[in-house]
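Good morning. Please have the sequence and the structure open while I talk.

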Amino acid sequence: MKPELLMTPGPVNVPVRTSLAEARPMRHHRGADFAEWLQTIDGKLKQIFKTKNTILYFAASGTGAMEACVVNLLKQNDRPIVIEGGKFGQRWGAICQAFRVNYRALEIEWGTAPSPALIEQALRAQPASKIIFTTLFETSTATAYDIENIAKVAQSYDAILVVDAISGLGAVPLRTDAWGIDVVVAASQKALMAPPGLAFVSISERAWKLVEQSDLPKFYWDFKAAKKELFLTPYTPAISLLQALDESLNIILEEGVDAVLCRYELYAKAVREAVAAMGLKVFSQSPGAVCTAIELPPPLKAKDVLKAMSQEFGIRIAEGQDHLKDKIIRITHIGDLSPKDILSALAALEITLSKLGAQIELGAGVKRAMELLSSQVGMFAS
Ligand SMILES: *Cc1c(COP(=O)(O)O)cnc(C)c1O
């Protein structure tokens, strides 16, 4: 099968250097050499988390680490607040439910970001709720949340903030320590540009107090066990994936963490403005650098657009989820992508939509994207 250009919100295009690193010979994980190596990976990852907090490593997709947070931070009688503005916010709720924890869902309209005032209201109304589960970038609706200000509210009520940054880490600004975020969850297959299968949790001292008190059942996911053997790992780690991750982190740090964020923001802006130039609408009211959701003009259906993009152009994009499934498409701009990829995806999209009957002036969106990308072209010189 010819590889497709992945413009999906995970997994993303993985750099060739990363794939080659993944293929290096297997090594053993018991011994000082392994621990030392994992410690160097940890140093690199901390630069992206922007934290000095402990980061725990799990062989899992992101959801595994989300479940780990729930079972390690909560007590059976806790009443956490869960912000539900899309599929991934709802996942926090679903995990709580699986462990029979009663949570308070703060439902917001899909495609909008929660206002810090709304969260403050919930904390005031529910003083027993001392923990908030939310999302940095709600990938299902392509919506960025204002975590910096949500963290301020959480601190003023002495509540622990747990942020699913699985898609956002390395793609949108996040300052774990400077903003005082207690717990940050991430995974390997999104902006970290590695294959799926590794998940990470950073935990503040404040949050460790909850870990000490937690009474929900756990074994593999036990944070205390993971911390005790931090760089030795209590169980066999996903060694090949760590090799891949190490190389992706090298690539990100060579460019610079903030330079990568700028580049993704530029890609996102190029896509948003191209969409407007095509006469289409961006779905989210708070768009961001991970992916852009585009409203399809009826009667167009997302599955037809996806099929044509894949079969005719070898470009994989995503549809919506749940009630948005057919109504939006999502173009992701993170991972190993160059301006060439953004421009060709937009050109392919224009042809596809026009063939499917939408009124699109061929080239209108691509032209706008070319203007934006070329004005910055110096930043891509290597
Ligand atoms: C991808 C993603 C997840 C988790 O997905 P996994 O498939 O378990 O890795 C969780 N939250 C957000 C915001 C995501 O984008």
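I will start with Asp158, which counts as exposed, because its relative accessibility is 51% and the cut-off for exposed is over 50%. Keep in mind that this is a predicted model. Asp158 sits in the loop that links helix 6, residues 147-156, to strand 8. Its phi is positive, about 60°, although Asp158 is not a glycine. As background, most residues other than glycine have a negative phi, and most peptide bonds are trans.

Ala142 is another residue with a positive phi, about 55°, and it is not a glycine either. Where is Ala142 placed? Ala142 is in the loop between strand 6, residues 137-138, and strand 7, residues 143-144. Is Ala142 buried or exposed? With a relative accessibility of 1%, Ala142 counts as buried.

Staying with the backbone, I have two cis peptide bonds to point out. One runs from Gly10 to Pro11, with omega near -5°. Pro11 is found in the loop between strand 1, residues 5-6, and helix 1, residues 16-22. The other runs from Pro298 to Pro299, with omega near 5°. Pro299 belongs to the loop between strand 12, residues 291-295, and helix 11, residues 302-313.

Seven strands form an open sheet in the order 2-10-9-8-5-3-4, and the pairing is mixed. From one strand to the next, the twist averages 20°.

Strand 3, residues 81-84, runs parallel to strand 4, and four bridges join the two. Within that pair, Glu84 has Glu107 in strand 4 as its bridge partner. Strand 3 also runs parallel to strand 5, joined by two bridges. There, the bridge partner of Val82 is Phe133 in strand 5. Strand 5 is in turn parallel to strand 8, with five bridges between them. In that pair, Ile132 stands opposite Leu161 in strand 8.

How many residues of strand 5 are buried? Five of its five residues are buried, and the strand is described as mostly covered. Both of its faces are covered: Ile131, Phe133 and Thr135 are on one side, Ile132 and Thr134 are on the other, and all are buried.

Helix 3, residues 62-73, lies across strand 5, strand 8, strand 9 and strand 10, and it runs at about 155° to strand 9. Helix 5, residues 116-125, lies across strand 3, strand 4 and strand 5, and it runs at about 155° to strand 4.

On to the interior. In soluble globular proteins, nonpolar side chains tend to be buried together. The largest nonpolar core here has 140 residues, of which Ile147, Phe200 and Phe223 touch the most other members. Helix 10, residues 257-277, supplies the largest share of this core, nine residues. Leaving out residues up to four places away in sequence, Ile147 touches several residues, including Thr134, Thr135, Leu161, Val163 and Trp179.

A further residue to look at is Ile252, in helix 9, residues 239-255. Ile252 counts as buried, with a relative accessibility of 6%. Beyond residues up to four places away in sequence, it touches Ile48, Ala191, Leu192, Met193, Val257 and Val260. Take Leu192 from that list: Ile252 and Leu192 are 60 residues apart in sequence, but 7.9 Å apart in space, C-alpha to C-alpha.

Last, the cysteines. How many disulfides does a search of the whole structure find? The search finds zero. For Cys69, the closest cysteine sulfur is that of Cys96, and at 11 Å it is too far for a bond. Cys262 is in no disulfide either, since its nearest cysteine sulfur, in Cys291, is 19 Å away, and a disulfide requires the two sulfur atoms to be within 2.5 Å. Cys69 counts as buried, at 0% relative accessibility, whereas Cys262 is partly exposed, with a relative accessible area of 48%.

That is the end of my list, and I will take questions now.

Conventions. Residues are numbered from 1 along each chain as its sequence is written. This is a predicted model: local features need pLDDT of at least 70, side-chain atom pairs count only at pLDDT 80 or more; totals for chains, interfaces and linings use all residues. Side-chain values use heavy atoms; hydrogens and water are left out. Two strands pair if DSSP finds at least two bridges between them. Axes are lines fitted to C-alpha atoms, for helices over the stretch in contact, and angles run from 0 to 180 degrees between N-to-C directions. Contact means heavy atoms within 4.5 Å. Buried means under 20% relative accessible area, exposed over 50%, partly exposed in between (1.4 Å probe, protein chains only). A nonpolar core is a set of buried Ala, Val, Leu, Ile, Met, Phe, Trp, Tyr and Cys residues joined through side-chain atoms within 4.5 Å.
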